[in-house]
Protein chains: 2
Amino acid sequence: MNEFQIRYNEYLAEFEKYLQEYAAKMVTSPTILGDSMRYSLLCGGKRVRPVLALACADALGLDKQEILPFALALEMIHTYSLIHDDLPAMDNDDFRRGKPSNHKQFGEANAILAGDALLNEAYSICFRECAKGEKYAVVSAFLNECAGIYGMIAGQSADMQFSEENRELTEEDLFYVYEHKTGKLLLAPVAMASILSGNKSYLALEQFGKLLGKLFQMTDDILDVTGDFKALGKSIGKDETENKWTCVRLYGLEGAKIRAAECAMDALAILEGVEGDVSFLRDLVDYVLKRSN
Amino acid sequence: MNEFQIRYNEYLAEFEKYLQEYAAKMVTSPTILGDSMRYSLLCGGKRVRPVLALACADALGLDKQEILPFALALEMIHTYSLIHDDLPAMDNDDFRRGKPSNHKQFGEANAILAGDALLNEAYSICFRECAKGEKYAVVSAFLNECAGIYGMIAGQSADMQFSEENRELTEEDLFYVYEHKTGKLLLAPVAMASILSGNKSYLALEQFGKLLGKLFQMTDDILDVTGDFKALGKSIGKDETENKWTCVRLYGLEGAKIRAAECAMDALAILEGVEGDVSFLRDLVDYVLKRSN
């Protein structure tokens, strides 16, 4: 394992410990509510968003205890969005992270509730932090905005609309979906760490977060063509079957790979202007570009 | 119109104005997202929860501007829960407030997103308030708890579990669902006004809110038998068709009416011990007991 992988695993372990402790305390009545939430929340996964939050905290000299609650809230929001996205009325996916998706395991009604519950619980964490002072309210509001009608939900809605309209998408259309549906929740950890630390490179970090989000979605589209089910833990080849617009369809596979590499270069260039130890963030860009899952 | 109706309409008008102004500013891309949110949010309805919030503010000498944002957040949470509850996988209701339910109008996928969006937007309002100080974070956390896995969602989940188990329900089972599924969001406005005003009768008001919530659900069950579609704006007779446990099934129609009246008496008795002008709250108990919609 190289230095990057070692640090990634350290961040991952720190987050998983925090997550496990929190999840164990969610004692619900009826038990199926807590079980269905934990099923999707504790299923492994790369935890890119929380790892990014912890890495940014380290890079900016912020105590990781400050960001951990927000990293957990973010991961809960991400998880709720996957549960609802997988529903038959939405993307209709039977697998997620190598296991049956939430509604396949617990039924649709419980899956809808598990998603609602995770979104609500994410903000429960934030409200506890808010009592500590205005800065924490600002961070919470930022996360909320990234998740909501000007953030991820706007991207999900646009994605659905474009599919229904069934027309040629422009690069602008596609990037709107990227920036909102995937980008906002990858921007969130970077921006939250930046606000909490009071780092002066806020605008650069915001730009970095956006580019990383775009890169992540591009590699997602590429992996839907080149990846395999075992490594990804979810169905592949769906985009083509469903005639979905992706960067692969827009540019071709090779063109998409070139655009992804350019996007990674742009992200790295931005990091040059950030105060702090950004070596891990640099490696993370490379990791996202070359990821197989 | 009697004095109670005049005041009810005044509170309603004040809330509707605030709601309309907020909703008009929700300019989303794509537009269908905002449209589907507004469709369910601006459909009239009794607005019992926000009216109760404003009435409690008046009773406790609290500036109504303090409670209005939370009243709106609460109504958004209530509305999201109705949209998701009406989905085919949940209660499968085609009508709500006299109109096609959200998924009938916009399709299931958009309805799921509209619900998610309203829940998220409700907390967006709260986070803005949180920046004003700790008290507002406490109120937000209370509202969040009423909505979440120890509140309304617990009640929805229990309701579903009981339906699946298909066994004889006890009074305790039924009241657990009442207290959580309906009761928590009716307790919320009373408790929020109480916290914001610093009123000393917090425990009494909390008890009052719980009894009012129980009364509201009991009259809901009764109206499913005795009400009519036009006044209620939603399907009736569903509980019996679906063999659902209600207080009517547990006690018989006359028994349920007697229990509801007793619950109303208990709520009125509690109000005796509350500091402030509670005349409207007294009339509200009577209104809920005798309501036809």
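**Close-up views of a predicted two-chain model**

**View 1. The buried residues of helix 14 in chain A.** Five positions are listed as buried here: A:Phe280, A:Leu281, A:Leu284, A:Val285 and A:Val288. Viewed along the axis of helix 14 of chain A, these buried residues stay within an arc of 150°, so they line one face of the helix. An α-helix has 3.6 residues a turn, so residues three or four places apart point the same way. The structure shown is a predicted model. The buried residues of helix 14 pack against helix 1 (3–25), helix 3 (48–59), helix 10 (202–226) and helix 13 (247–271), again in chain A. How far apart are the end C-alpha atoms of helix 14? They are 17 Å apart; the 12 residues (279–290), at 1.5 Å a residue, should span 16 Å, which agrees.

**View 2. Helix 8 of chain A and its surroundings.** Helix 8 of chain A is mostly covered, with 11 of its 14 residues buried. Buried residues run from A:Met152, A:Ile153, A:Ala154 and A:Gly155 through A:Gln156, A:Ser157 and A:Ala158 to A:Asp159, A:Met160, A:Gln161 and A:Phe162. Which helices do the buried residues of helix 8 pack against? In chain A they are helix 4 (64–86), helix 7 (134–147) and helix 9 (171–197). Just after helix 8, A:Asn166 takes a positive phi of about 55°.

**View 3. The interface between chain A and chain B.** On each side, 47 residues take part: 47 of chain A are in contact with 47 of chain B. The area buried between the two chains is about 4000 Å². Carbon and sulfur atoms give 68% of that area. Which three residues supply more than any other three of the area that chain A buries against chain B? They are A:Asn120, A:Phe127 and A:Ile149, with 18%.

**View 4. How the two copies are related.** Chain A superposes on chain B by a rotation of 180°, with 0.0 Å of shift along the axis and an RMSD of 0.0 Å. The two copies are thus related as by a two-fold rotation axis. The same surface serves both copies, since 100% of the contact residues of chain A recur in chain B.

**View 5. A:Ser101 in its loop.** A:Ser101 sits in the loop between strand 2 (99–100) and helix 5 (102–106) of chain A. Is A:Ser101 buried or exposed? Its relative accessibility is 1%, so A:Ser101 counts as buried. Beyond its neighbours within four places in sequence, A:Ser101 is in contact with A:Tyr39, A:Asp86, A:Asp93, A:Asp94, A:Phe95 and A:Arg96.

View 6. A:Gln217 belongs to helix 10 of chain A. With 14% relative accessibility, against a cut-off of under 20%, A:Gln217 counts as buried. The side chains of A:Gln217 and A:Thr182 make a polar contact at 2.3 Å. Leaving aside neighbours within four places in sequence, A:Gln217 is in contact with A:Tyr178 and A:Thr182.

View 7. A:Glu242 lies between helix 12 (238–241) and helix 13 of chain A. A:Glu242 is partly exposed, with a relative accessible area of 45%. A:Leu119 is 123 residues away along the chain, and its C-alpha atom is separated from that of A:Glu242 by 28 Å.

Terms used: Residues numbered from 1 in each chain as written. Chains lettered and ligands numbered in written order. Predicted model: local features only at pLDDT ≥ 70, side-chain atom pairs only at ≥ 80, totals over all residues. Heavy atoms only, no water. Helix = DSSP H or I, 4+ residues; strand = E, 2+ residues; numbered from the N terminus. Expected span 1.5 Å × (residues − 1). Buried < 20%, exposed > 50% of the residue type's maximum accessible area, 1.4 Å probe, protein only. Arc of directions from axis to C-beta. Contact = heavy atoms within 4.5 Å. Least-squares fit on C-alpha atoms with pLDDT ≥ 70 in both. Polar contact = N/O pair within 3.5 Å; in protein donor to acceptor, adjacent residues only side chain to side chain. Buried area = accessible area lost by both parts, 1.4 Å probe.
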